[in-house]
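Dear colleague,

Please find below the structure that I am handing over to you.

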Amino acid sequence: MHNKLSIQERFLIFLASTGDSEREAARKMGVTHGSIGHMKRGAVMGLDKLERALGAYPELNRMWLLEGVGAMTTDENEPFDKQAFLKLVKLIRNLLPNDKMNLTDNLIHQIGLLEIERDELRAELKAILKKLNA
């Protein structure tokens, strides 16, 4: 089921849940305080602010923010979800102008590889800790 709220509305809901003020959120994102105010008045959250929000708040679930699907926040210990990642890639491609596709495709590929590597390293670490505790 898709949420009917816009991306900026979902971001503002998330922001309220953090307890951060608009000024604090703007500082974390590296944008002006007015940018947050514009979103509150219905302005569309552009790709640059979307990237900044996701960078400033890594716990913010990308799929929830973009589509309203899943939980609002994620657990860093969750394994890499390839299907969700591919869905996110499709959403990002639809938001980007054609001249940015190649750069974005490369970055998205690198992110996917890093997340897979992270999961593999976590599994190795768990196995090592299990041996040490045995």
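In which helix is the place of Ile128? Ile128 belongs to helix 7, which covers residues 101-133. Please note, before reading further, that this is a predicted model.

Ile128 is also part of a surface feature. Together with Leu125, Leu129 and Leu132, Ile128 makes a nonpolar surface patch of about 400 Å². The relative accessibility of Ile128 is 47%, so this residue counts as partly exposed, given that the partly exposed class ends where exposed begins, over 50%.

With regard to the overall fold, the protein has seven helices and zero strands. Along the sequence, this reads as the pattern α-α-α-α-α-α-α. Of the 134 residues in the protein, 28% are buried. The protein exposes about 9,100 Å², and 56% of that area is supplied by carbon and sulfur atoms. Among the contacts in the protein with a separation of 6 or more, 57% are accounted for by residues 24 or more positions apart.

The confidence of the prediction should be kept in view. The average pLDDT of the protein is 79, and 73% of the residues score at least 70. Confidence is highest in helix 2 (residues 22-29), with a mean of 93. Helix 6 (residues 82-95) is where confidence is lowest, at a mean of 67.

I turn now to the aromatic residues. The structure holds three aromatic pairs. In one of them, the ring centres of Phe11 and Phe14 are 6.4 Å apart and the planes stand at 35°, so the pair is tilted; an angle under 30 degrees would count as stacked and one over 60 as edge-to-face. Both Phe11 and Phe14 lie in helix 1 (residues 7-18), where they are three residues apart, about one turn of the helix.

Are these two residues buried or exposed? Phe11 has a relative accessible area of 0% and is therefore buried. Phe14 has a relative accessibility of 1%, so Phe14 counts as buried too. The cut-off for this class is a relative accessible area under 20%. Ring pairs also bring in Tyr57, which is linked with Phe11 and Phe14 into a cluster.

Yours sincerely

Terms used:
Residues numbered from 1 in each chain as written. Predicted model: local features only at pLDDT ≥ 70, side-chain atom pairs only at ≥ 80, totals over all residues. Heavy atoms only, no water. pLDDT = per-residue confidence, 0-100. Helix = DSSP H or I, 4+ residues; strand = E, 2+ residues; numbered from the N terminus. Phe/Tyr/Trp six-rings, centres within 6.5 Å; stacked < 30°, edge-to-face > 60°. Buried < 20%, exposed > 50% of the residue type's maximum accessible area, 1.4 Å probe, protein only. Patch = residues over 30% accessible without salt bridge, like charges linked within 9 Å, V, L, I, M, F, W, Y side chains within 5 Å. Areas by Shrake-Rupley, 256 points an atom, 1.4 Å probe, with all protein chains shown as cover. Salt bridge = Lys/Arg side-chain N within 4 Å of Asp/Glu carboxyl O. Contact = heavy atoms within 4.5 Å.
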